[in-house]
Amino acid sequence: MLLHGEVQQPQYPKVLAALAAVALARNGRISDERLAEQLAGRKGPLTKVMLRTYRSDMRKLFPEALHVLERERGMTCLAVEEDQIDLWRFRKLMADADESDPALRVKMLQEARKLWDSDEKPLSGIGDVDFSANISELQKQRAEMYQKLIEALVERDDIEVAYAVVEEARRCCPGEIDRFEGAARDLARRNRMQPSTAAPNNLPNSRTHLVARAGHLAKLDELLSPRTDAPQLAAITGPPGAGKSTLAVSAARAAAGRFAGGVHYVDLRGYSEHQRKTTEQVVAEIFGGWDLEIPDGGEQELLGRFLSEIAARSPLLVFDNVVDFAHVQGLLPGSPKTAAVVTSRSRLVDLVVSRGAAEVELEPLDDAAALELLAEVIGTERARREYKPVEDLVAACGGSPLLLTVIGAQIRRRPKQSISSLWKQWADHQRILGLPVPGHPDLELRAVLSWSYEQLSPIAARLFRACGLHPGPAVGRDALFHMVGGPRAELSDGLDELIDGNLLQEVRNERYQLHDAVRPHAADRAVADMTGAELDGQRERLLEYLLHAGYQRDLELDSGRELNIGPLPADMALPEPASKNGAVRWFDREYPSYAAMLNDEGLGLSRRYLRFLPLVLVTYQWRRGHWSDAVKYLIRARDLFTGPGSAWPEGQDLGTQLMIFRMLAGTYRLQRKYHLAENSVRRAIEVSVQEGSTFGEATGRQLLGVLHEEQERWEDARSEFKRCAELFRSQNDARGQAHALNGLASVERASGRLQEALDRAHAALQFADRVSDANGWAAVQRNLARFLAELGKPAEAVQHFGSAVEVYAELRSELKEAQAQKALAEQFAALGDEVAERRALRRARKLFRKLRDLPDKDREDRRQVECRLARLESS
């Protein structure tokens, strides 16, 4: 449910179902008995108690609760205005449209159409309530709305818009497909029978089918009506191949009969390999269509005569492929009863601001629309028969109509070849870029993209190439600027130029992404236009940024890790400091870039990055369950100095070497591969003793004690924890002492000495409170909670488990939070608090389901959580 544009999410799905049942009832009134029957699920009708609960929760969804739901003699009523419920508004618009003149009827039916979400079935997402009869009736009403809208558009001779509505109706009302197939045939016959008009019309034939652009076409259709007070101006913008020209031509063809002076189309060739058209050339072309002589004199005289003719004739003008506002500024009409449609790859901000033009921005097609377009080109039956390779192909095209039609045309030309075999041939993007554009056999897709690139300023071109080199799906502003280098003000201008030119899109705050159809071309231009040294230099600067920025975020996750990565470069801007949640989210966005760089053996990363990047990532990888990646990267780092013929890099400090061993052991521990974990940590202890590193030995023994503890080898664990406690004490290391004492507390508990375990844990907490180690502090809280639970003190245990859960949630340590939530739920059960128990179990279930490669013990914990939750929710 949307309230003032914001999603309202009740605790139970059936609350939305109850609200829907009241809204569906006549006049928004339903008896309690009927409401209980309507909401009946697998368990039968609701009890009066549950009905009261749902009614109370419905009220909480609204800010003015008491005025929204009323009860009257066993009835539940919606006391809201008619226009506040979409369904009621829809019904009223449909009724009013029947009584209106054709122009107003189209407007009302278009409003009714906008009330539907074309991507969702009605009454979805509301639990196991049976609304099948209501859904069937709503779908019939929707189909009726489409039918009436098509008829009204035909009555106004808006055939092109009617075509677009038919296509939308086919997709959204599959149960009424026969009705709309007939409507499509009627439109085709009517279009062939229409007599030609005397008004000039030089619109090109559009070979591309419009898909998922009905809303854009409707907006243009509403706009392109002659006004008596001012001209109508529209700017259609979007990336290369988005369908701007097709949309402009379709809208102009639908509106052509409304303009006394007809319609005149001019391709200004702003992005063509040929010379772009000048103002004089455009005027000459239009005058030639009107059989007018070109007047003598300069540009001002020419434009004066042109605008006078426009005012006298009242045409609709289409200016296609405009570079910027200046390219078309002098040609725009200023007289009433005229209109102009302008298309450009650039955001025409000046046209919108200074001339009040309406902007129609084209986004890539979604998967469903892209699939529809491709099926239209290659044939529905063939698309259905080879649906899997077709889906892969659609995903690879990134919603670009141009790319879809280019590839579709090639498939159509090869009816006997399977789509999967063709797609394998084109897997190399060079082959795709070399495919011809339909209708232009001499024009390759590569050339279309080159036209945009060649218009760029030098700084924008450098940024464009850097985006092509960047390995991730999106690049952050700071990373991109450091890759390219230079004054940030100039870089910002270049970035704006790429965005305005629709070559780059801002996918979220200060993160940018190339359109999928553009990325291969950007990578090609980087290789073609940059020297080998320049390519290596930009990759090096990106790695440098990922190392320093990642290390900053790792420290914000309380890793406590000291890495000798060298000083921060003077020209590098690091991201703003973040909370632990913010640090994890940063890694979520950047991790694909790290993985791509570390997985690409062809890049030949230097030893510096091969040994430090895994250490920068490992805390995040532990918390997000990327354990297999962590093992792979850490083993490669370890092998730099333990592999055959290799040696530890000269000048490298011992701490990094030991850290790699310990982090590898810690990762094996998470995977419950204890034998491998022990081997790695014992190697770290051995090197520490040889080199006289007390801290290295203490840290290694603490981890070895944890490994023994988790295998229930209690005496071995006691020995290691005691030894590391002594070593940490000699170094006056509070953090280490907290971990050691917490380990000893676990050993005392296993030995049956609960009070001694509790005393050890309290001592550990005193040390943990003195240092910045959120993870260690949470571990102590978790141990305290366990001991208190076993002592029969569930209320105190809940407090400590709750403290641990808060920290793990902030750290995004999902496995540990899931384990703590499960233990917390058990204490709520002991207290008899079923609501809190259910809440903790739901959170644990959600976390367990997100994690990959769970060891057997954690899979068993997940099973127990799901079974307990199922029992609670079925009772």
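Colleague: Which residues does Gly243 touch, not counting residues up to four places away in sequence?
Modeller: This is a predicted model, so what follows describes computed geometry. Gly243 sits in the loop that runs between β6 (232-237) and α10 (244-255). Once residues up to four places away in sequence are set aside, the residues that Gly243 touches are Leu362 and Pro401.

Colleague: Is Gly243 buried, partly exposed or exposed?
Modeller: The relative accessibility of Gly243 is 21%. Because buried means under 20% and exposed means over 50%, the class that applies to Gly243 is partly exposed.

Colleague: How far apart in space are Gly243 and Val211, C-alpha to C-alpha?
Modeller: Along the sequence, Gly243 and Val211 are separated by 32 residues. In space, taken from C-alpha to C-alpha, the separation of Gly243 and Val211 is 9.6 Å.

Colleague: In what order do the five strands of the open sheet lie?
Modeller: The pairing in this open sheet is parallel, and the order of its five strands is β7-β8-β9-β6-β10. The edge strands, each of which pairs on one side only, are β7 (263-267) and β10 (358-361). From one strand to the next the twist averages 15°. To return to the order asked for, it reads β7-β8-β9-β6-β10.

Colleague: Which residue in β9 does Gln232 stand opposite?
Modeller: Strand β6 pairs with β9 (residues 339-344) in the parallel sense, over six bridges. Within β9, the residue opposite Gln232 is Ala339.

Colleague: What angle does the direction of helix α9 make with that of β10?
Modeller: Helix α9 (residues 214-223) packs on the sheet, where it touches β6 and β10. Between the direction of α9 and that of β10, the angle is about 165°.

Colleague: Which residues is Asp558 in contact with, leaving aside its neighbours within four places in sequence?
Modeller: Asp558 is found in the loop between α26 (532-556) and α27 (580-599), and because its relative accessibility is 12%, Asp558 counts as buried. Leaving aside neighbours within four places in sequence, the contacts of Asp558 are Lys580, Arg735, Ser772, Asp773 and Ala774.

Colleague: How many disulfides does the count come to?
Modeller: The rule asks for a pair of cysteine sulfur atoms within 2.5 Å. As for individual cysteines, Cys467 counts as buried at 4% relative accessibility, whereas Cys867 counts as partly exposed at 31%. By the sulfur rule, the count of disulfides comes to zero.

Conventions:
Residues are numbered from 1 along each chain as its sequence is written. This is a predicted model: local features need pLDDT of at least 70, side-chain atom pairs count only at pLDDT 80 or more; totals for chains, interfaces and linings use all residues. Side-chain values use heavy atoms; hydrogens and water are left out. Helices (H or I, at least four residues) and strands (E, at least two) are DSSP runs, numbered from the N terminus. Buried means under 20% relative accessible area, exposed over 50%, partly exposed in between (1.4 Å probe, protein chains only). Contact means heavy atoms within 4.5 Å. Two strands pair if DSSP finds at least two bridges between them. Axes are lines fitted to C-alpha atoms, for helices over the stretch in contact, and angles run from 0 to 180 degrees between N-to-C directions.
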